[in-house]
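Subject: Structure for you to look at

Hello,

Here is the structure I said I would pass on. Please open it first and keep it on screen while you read the notes that follow.

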Amino acid sequence: MLYVVSTKHRSLALLGITLLVQVLLLAVQIRRSEDGRGDVRLIRVWAVAAVSPFQRAGAWAVDNVSGAWDSYIGLQNTHQKNQQLQAENAQLKLRNQELESRAAEGMRLAALLQFQSGHSETQMVAARVIGAGAVGGANRIIYINRGEAHGLRRNLPVITPDGVVGKTLEVFADTAQVLLLSDKESGVGALFADSRTQGVARGQGEPWLLLDYVINGEQVLPGQRIVTSGQDRIFPKDLPVGEVLDTAPGAPFQKIRVRPAARLDRLEEVLVLLSNKEFTPIAAAGKEPAPPAQ
Amino acid sequence: MALRNQVEQHIEVHKYSFLAVWGTVFLALLLQASLPVYFPRASLLELPLLMTLYFGLSRRNPSSGLLLGMTVGLLQDAVSRIPIGLYGIAKTLMGFGASSIGARLDVEHPFARALLTFAFFHAHQIVFAFTRRLLLQESEVFFSTDLLTGSLLNAAFAVLLFPLLDKLRK
């Protein structure tokens, strides 16, 4: 009996094996078109169908485990990492600001250099603004990092590529005081660039200047350009001073407000002319003057 | 169970020489491939199936029956233009079935032989068509009048052929 059962099972097992082998043999030979992607051997289709559920299950398990890890267990150090990242972010912001500042400085210096090399016939010294005094008061002065050692003396014109800044006041060994054009005691001989009508641009302790000594009958329009006249023997002729903001009749002269061409409220680098020798006008035609200082 | 064992003990197991078995199988395959060329209607005969059935019923051993069926089927596939394994699967099952039945029933009677041949012919066609539909996705009929004719013809031919093959017994 045991022998019969054993033989029967052996026959069934052999039947299963032979059938399986032949089915696989067929699957190797048969090619099936899968979604128009060309012929694929049936055994490959079966193999993929057999394996892919396990792969999907494995991927699902890995995703869930890693998701759980990232969402819960991995959050242990999140606060610390967040603080580190915030600190890093702050450092990077600082670094970014520093780089932006350097880039702006580079552009300003490049403009100064270009101006300087464009007027090589005139001796000039580039200087950095290192301090300011009495800003907002009646006196408007700045300090620059050049002095007698660099050939500076009193009453030398100080300019930027945009226009007149002021003149040197007190000169020390390595520094100098510059009286800004907007100071109440400051003034520069000026004239209208087009009509050549002369006047004197005076500081008012305000962001704007006052152009004095222009008679009431003279037609003055906002936007007209004012340049140095060279009459004061300090500033060379035809340096940009500013442009007319507005005008009002006065006695005996018009009250003409002028917006300075140089940005007096944000000076960082300036040029000190070592002589008042005339040279080609600084401002190119159509150059926009600076907005009024705050 | 005891009665069944007693019946099975009375069923005689016949033995054949290696040459007799494989010689007749080879001859059947040769004729199966050649006869339809000269006599188209001869394609209705399924000589490899008849060999599988005969030796399965006579030798009454399921293992050897299915192995013989598989070999005959694979050889038939090899000489046909179909994927190897289609006839192999069908004849493996037929060899296993025939030898399993042969181990339990006495199938020496001509009527029993004809009836079994008729039934196995259709079973063979069903397995063949099913495999073809499933794996090759081809339309293959399970039953038709031609198949009925073929099954009757093979059953009648088996009645004539099997006694001749009986003479090969040791």
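In which loop of chain A is Pro252(A) found? Pro252(A) sits in the loop between β12 (240-248) and β13 (255-260) of chain A. The model is a predicted one, and the values below are computed from it.

Chain A

The peptide bond that joins Ala251(A) and Pro252(A) is cis, with omega at about 0 degrees. Tyr213(A) is not a glycine, yet its phi is positive, near 70 degrees.

Start with helix α3 (residues 47-59) of chain B and follow its contacts with two other helices.

One partner is helix α5 (residues 86-102) of chain B: the two axes come within 7 Å and cross at roughly 30 degrees. Angles under 35 degrees count as roughly parallel, and α3(B) and α5(B) are therefore roughly parallel to each other. Their crossing is right-handed. On the α3(B) side, the contact is made by Pro48(B), Leu49(B), Thr52(B), Leu53(B), Gly56(B) and Leu57(B). On the α5(B) side, Lys91(B), Met94(B), Gly95(B), Ala98(B), Ser99(B) and Gly102(B) take part. Sorted by class, the residues of this contact are six nonpolar, five polar and one charged.

The other partner is α7(B). Here the axes are 10 Å apart and the packing angle is about 55 degrees, which makes α3(B) oblique to α7(B). The crossing of α3(B) and α7(B) is right-handed. From α3(B), the residues that meet α7(B) are Leu47(B), Leu50(B), Met51(B), Leu53(B), Tyr54(B) and Leu57(B). They face Asn154(B), Phe157(B), Ala158(B), Leu161(B), Phe162(B), Leu165(B) and Asp166(B) in α7(B). This contact divides into eleven nonpolar residues, one polar and one charged.

Empty space

Rolling a probe the size of a water molecule over the atoms shows where empty space is left.

How many cavities of 30 Å³ or more does a search of the whole structure find? The search finds two. The second largest cavity has a volume of about 30 Å³. Its lining is made up of Tyr54(B), Leu57(B), Ser58(B), Val107(B), Glu108(B), Arg113(B), Phe162(B) and Arg169(B). Helix α3(B) gives the largest share of that lining, three residues. By class, the lining of this cavity has four nonpolar, one polar and three charged residues.

Which helix gives the most to the lining of the second largest pocket? That is α6(B), with five residues. Divided by class, the lining of the second largest pocket has ten nonpolar, seven polar and four charged residues.

Regards

Terms used:
Residues are numbered from 1 along each chain as its sequence is written. Chains are lettered from A and ligands numbered from 1 in the order in which they are written. This is a predicted model: local features need pLDDT of at least 70, side-chain atom pairs count only at pLDDT 80 or more; totals for chains, interfaces and linings use all residues. Side-chain values use heavy atoms; hydrogens and water are left out. Axes are lines fitted to C-alpha atoms, for helices over the stretch in contact, and angles run from 0 to 180 degrees between N-to-C directions. Helices (H or I, at least four residues) and strands (E, at least two) are DSSP runs, numbered from the N terminus. Angles under 35 degrees count as roughly parallel, over 145 as roughly antiparallel, 65 to 115 as roughly perpendicular and the rest as oblique. A crossing is left-handed if the near helix is turned anticlockwise from the far one by less than a right angle, and right-handed if clockwise. Contact means heavy atoms within 4.5 Å. Ala, Val, Leu, Ile, Met, Phe, Trp, Tyr, Cys and Pro count as nonpolar, Asp, Glu, Lys and Arg as charged, and the others, Gly among them, as polar. On a 1 Å grid over the protein atoms alone, a cavity is a set of points where a 1.4 Å probe fits but cannot get out, and a pocket is an open set with protein on both sides within 12 Å along at least five of seven lines; lining residues have an atom within 4 Å of a point. Grid points are joined across faces, edges and corners, and a volume is the space filled by probe spheres set on the points.
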